[in-house]
Amino acid sequence: CISKEMNDSELLEVVLNPLRSTAGHPYSRVSKIHKYWSRKPWEVIDWHIQNFSSLGETILDPFCGSGIVGLEAIRHGRKFEGSDLNPFSVFLSNLTLSDNFSTDTFRELLAELASKVKSQIDQLYRCSDGIVLYSIVGDSTALAHNALVSDSSYKKRIKSFIDFNQLPDCDDLPNNFQVPDAYFPSKFYKDRFSYKGVSRVSDMFTKRNLCALEILFQGILTISEEYRDYFLLCLTNTLLHVSKLKSERVRPLGVNNYWIPDDFIEENVYWRFEDRAKRFLEAKAATLENLSHERNSFRIRCADAQDLTEIPSASVDYLFTDPPYGDVVQYSELSFIWNTWLNQVYKTDNEIIINPMQGKSQSTYLEQLVRFFEEARRVVRVDGRMTLAFHNKEMALWSAVASAIRKAGFELEDLRVAHGVGSPFTKNWADFSPKTDFYVTVRRTD
């Protein structure tokens, strides 16, 4: 407890009656804009914003992630200030909240892109039975590989066995190969790939998929600047699915690291991209239907949560955020492929995380959180609230975080639990892993 004691009946109410999910609601499609970690259910954020802020007030999220807090803030007539140290998060959040978008224009541009690159990419996957949508290639000793084959519409699908000798040879990459590439940092905390000979981003893909990605990437660069970033976002949402990180039983990043299964699959790049683009369009349409706001009613910056100097003191009415949970999710590492393709660099010196490879221990993590809470107290007005979403199995960490919040000058006002989005491996199978997220709301006293 931070400063207010809860009696047994209050605590039991919190534990046994978590905030309910309405995942079937059309607005839940917004989560399909992109695969990003720690996505909080929109209805839980909705509840907190309506209960702890008022129309026209300013809401801040200094770990804005995918931008869902900003969406709910704008949807309810609040102003939004967001920031994140991760360049990809800023890229994703800005595109999520932007209303400078036409679904009809996006469809037209998607059709134009398909006319330029689809047939060229499909040729890389053509066999005697049609176009291979995916095949199991991890077992290099197999003479024939299980595959899903279709016609050019991707609709008439059959299971088949294919001999890779049937497919075009992609061993030699073109001399003008321009796909973004980089070496993985030598200090990679959750490294489960280098022992398989992976040292660069390009090593995460088969040669065939690299060729296909090159064709697609160059095609996207021809799209008008006004819509290009939306297509680049769909491309980043395609990358992990067409990498070696996926098998029939394993989803990419299902274990919160770059782990390559022995039976990884090779997916048709355009088939997967088209699927991601359609999901994005559906999600964006749902977003626009639920937003009614003036342009420039939000601002999202790439900034350190420990230094909010661009935000005036006592100017924030409500702060809702979801900081990193110790060493659970290594955002800089898991965003490395995406940031590489966007030519962005994640400056990790001030990343609030536990990462021994970066020299960041639990004590370092708590020191950084204390600096954030001090900044939070400065920018939140007197009697303003801060809600902190948190999820960690270490009680010592919980105690230290609670102590840091109290020392910063906040008083406990509310405590809720809610189920998160998705069903990650670590939550279901890791020993003593919490099954729900906790939402601690505190008030600045003076």
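Here are a few exercises on the structure above, each with a worked solution.

This is a predicted model, in which local features need pLDDT of at least 70, side-chain atom pairs count only at pLDDT 80 or more, and totals for chains, interfaces and linings use all residues. Residues are numbered from 1 along each chain as its sequence is written, and side-chain values use heavy atoms, with hydrogens and water left out.

**Exercise 1. Confidence**

Find where in the protein confidence is lowest and where it is highest.

Solution. Start with the term: pLDDT is the predictor's confidence in each residue, from 0 to 100. Its mean over the protein is 86, with 85% of the residues at 70 or more. Next, go element by element, where helices (H or I, at least four residues) and strands (E, at least two) are DSSP runs, numbered from the N terminus. Strand β1 (residues 58–61) has the highest confidence, at 98, and helix α13 (residues 425–429) the lowest, at a mean of 46. Finally, look at residues 424–430, where pLDDT stays under 50. Where pLDDT is low, the predicted coordinates should not be read in detail.

**Exercise 2. How α2 is covered**

Work out which residues of α2 are buried and what they pack against.

Solution. Begin with the count: 8 of the 11 residues of α2 are buried, leaving the helix mostly covered. These are Trp42, Glu43, Val44, Ile45, Asp46, His48, Ile49 and Phe52. Then follow their surroundings: they pack against β1, α3, β11 (316–321), β12 (380–390), β13 (410–418) and β14 (437–444).

**Exercise 3. Two helix pairs**

Describe how α2 packs with α3 and how α5 packs with α7.

Solution. Two packed helices are described by the angle between their axes and the distance between the axes. Axes are lines fitted to C-alpha atoms, for helices over the stretch in contact, and angles run from 0 to 180 degrees between N-to-C directions. Angles under 35 degrees count as roughly parallel, over 145 as roughly antiparallel, 65 to 115 as roughly perpendicular and the rest as oblique.

1. The axes of α2 and α3 (residues 68–75) cross at roughly 50° and come within 9 Å, so the two are oblique to each other. Residues that meet here include Trp42 and Ile45 in α2, and Ile68 and Val69 in α3.
2. For α5 (residues 103–122) and α7 (residues 225–239), the angle is about 65° and the axes are 11 Å apart. These helices are therefore roughly perpendicular to each other. Thr105, Phe106, Leu109, Leu110 and Leu113 in α5 meet Tyr227, Tyr230, Phe231 and Cys234 in α7.

Notes
Contact means heavy atoms within 4.5 Å. Buried means under 20% relative accessible area, exposed over 50%, partly exposed in between (1.4 Å probe, protein chains only).
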